[in-house]
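Have the coordinates open as you read.

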Amino acid sequence: MAMTLYTVLAAVVVSCFTSTVAAADKPHIVFIVADDLGWNDVGWINPDIQTPTLDRLARDGVILNSSYVLPLCSPSRNCFMSGKFPYHTGLQDNVVFIEQPKYMPADIITIPQRLKTLGYDTHMVGKWHLGFCNLKYTPTYRGFDTFMGYYAGMEDYFTHVRDELADYYGYDFRNMTEVYKDAQGEYSTYVFVKRAIDIIMNHDKSKPMYLYLPFQAVHGPLQVPAKYSDRYSHIHDLDRMVYSGMVSALDDAVYNITTVLEDLGFMDNLLLVFTTDNGGLPFAGGNNWPLRGGKTTLWEGGTRGAGFVYSKTLLKKRGYTHPGMFHAVDWYPTLLDIAGGDSSKLDIDGMSQVDMILNGGSSIRNEFVYNIYDDHYAAALRWGDLKLIVGDPGYAGWYPPAGSDIDGSAMDDSPSDSVMLFNIRADPTEHHDISKDNPTLVNFLLQMLALKNATRVPAMDPPSDPRSNPVNFNGVWSPGWC
């Protein structure tokens, strides 16, 4: 067990409570997102990664073995917030770059907005990455009662300054809508844990709580306190060593948060969701072995996400791995219905999977679109066990963990054909293209994809706007320029 400052803090606070207030009838919901976490970067899949808390929660809950996300950060967060595929919201191409006037459309009703109508207090701690050029696109204007974190996609974990890959230099950290300078010099995972614990300790348990926790970890830049990377000193690849330490720091964070939830009685009526937002980046410490590809690609390594659900009381069946198909857009209606809402008449792409999640029933999803890009035609479609890929899905290799005995150089990652077909159940690592042996199936799926493509809205891809320059806002990345 991880014993840190936050565990001690929680124990002190718990001692001040003389009685436990009855939990709200509606379940509390904690939704944790790990950023750029690879398929092979969690202990319940890869025992070389030290994640005892995540492993325990996963194995005591329901491991989701076929849970799909988008290949990149902003598109997946769009799914969590809107319940819509990004090719239906204009966010299908790339991410929201920090200098772009790009955002999740303002007419979308988000999941926290829905939950607020059901009596929930809604809180966000962490990374937004769905646009900030105008205040109306930021978290506290999209359904969250409180927000602490950063607006853009990446920054230094300690200084909270973003300059890499951007033409300008600026600080990006907020408490509500105000610049929060107290975070300077403190590792973001620590900042987010303290804020999450503060929210939990001060929550009125007569009301249900929705806590959205999209951590910065384990996205680049690769940074972590040495006590975590030291656990992996046997790994000689520096990126993999630091990255692995970042995963363990995240695991400690989840330990401290769940300890407080347990001690204050929240766990008696709580659903915890854990998911990545996309696959790991094999060139920056992440690993998706044995899956093909990684972050930014339409291969399974970029889109099949490590994840689970946990609850002490709500899950009728626990301690197993569910093979059923689940997509990031399904969280919206599933959580809404678990919270006592009604998703049945909503105009969204998500499907309510309450029976699958709570009861261990079969998935009601049989198909989904991995993505349909606008800036270069590439797309992928899943129908049952079959996966159709059209165009260039991205880098195509298989990448063994750094330092392993597996010789990845022997694997063929030569350029792919423009149309490919795989049976994911029989061939989850996408080694065997069966398109030439199944022309009728390929034509059928191409027609299905064409129908999906006909519903695609134009991608939002505005140029960088010089008005975003932090020099215009006292050195801080800020709204107010679109």
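## The disulfide

Cys 133 and Cys 482 form a disulfide, with their sulfur atoms 1.9 Å apart; the term covers a pair of cysteine sulfur atoms within 2.5 Å. The pair links distant parts of the chain, 349 residues apart: Cys 133 lies in the loop between β3 and β4, and Cys 482 in the segment after α11 (439-453). Helices (H or I, at least four residues) and strands (E, at least two) are DSSP runs, numbered from the N terminus. The torsion about the S-S bond of Cys 133 and Cys 482 is about 65°, so this disulfide is right-handed.

This is a predicted model, where local features need pLDDT of at least 70 and side-chain atom pairs count only at pLDDT 80 or more, while totals for chains, interfaces and linings use all residues. Residues are numbered from 1 along each chain as its sequence is written, and side-chain values use heavy atoms, leaving out hydrogens and water.

Cys 133 is buried at 1% relative accessibility, whereas Cys 482 is partly exposed at 36%. Buried means under 20% relative accessible area, exposed over 50%, and partly exposed in between (1.4 Å probe, protein chains only).

## Strand β4

All five residues of β4 (residues 146-150) are buried. Thr 146, Met 148 and Tyr 150 are on one side, with Phe 147 and Gly 149 on the other.

Strand β3 (residues 121-127) runs parallel to β4, joined by five bridges; pairing takes at least two DSSP bridges. His 123 has Thr 146 as its bridge partner. β4 also pairs with β7 (residues 174-175) in the antiparallel sense over two bridges, and Gly 149 stands opposite Arg 174 there.
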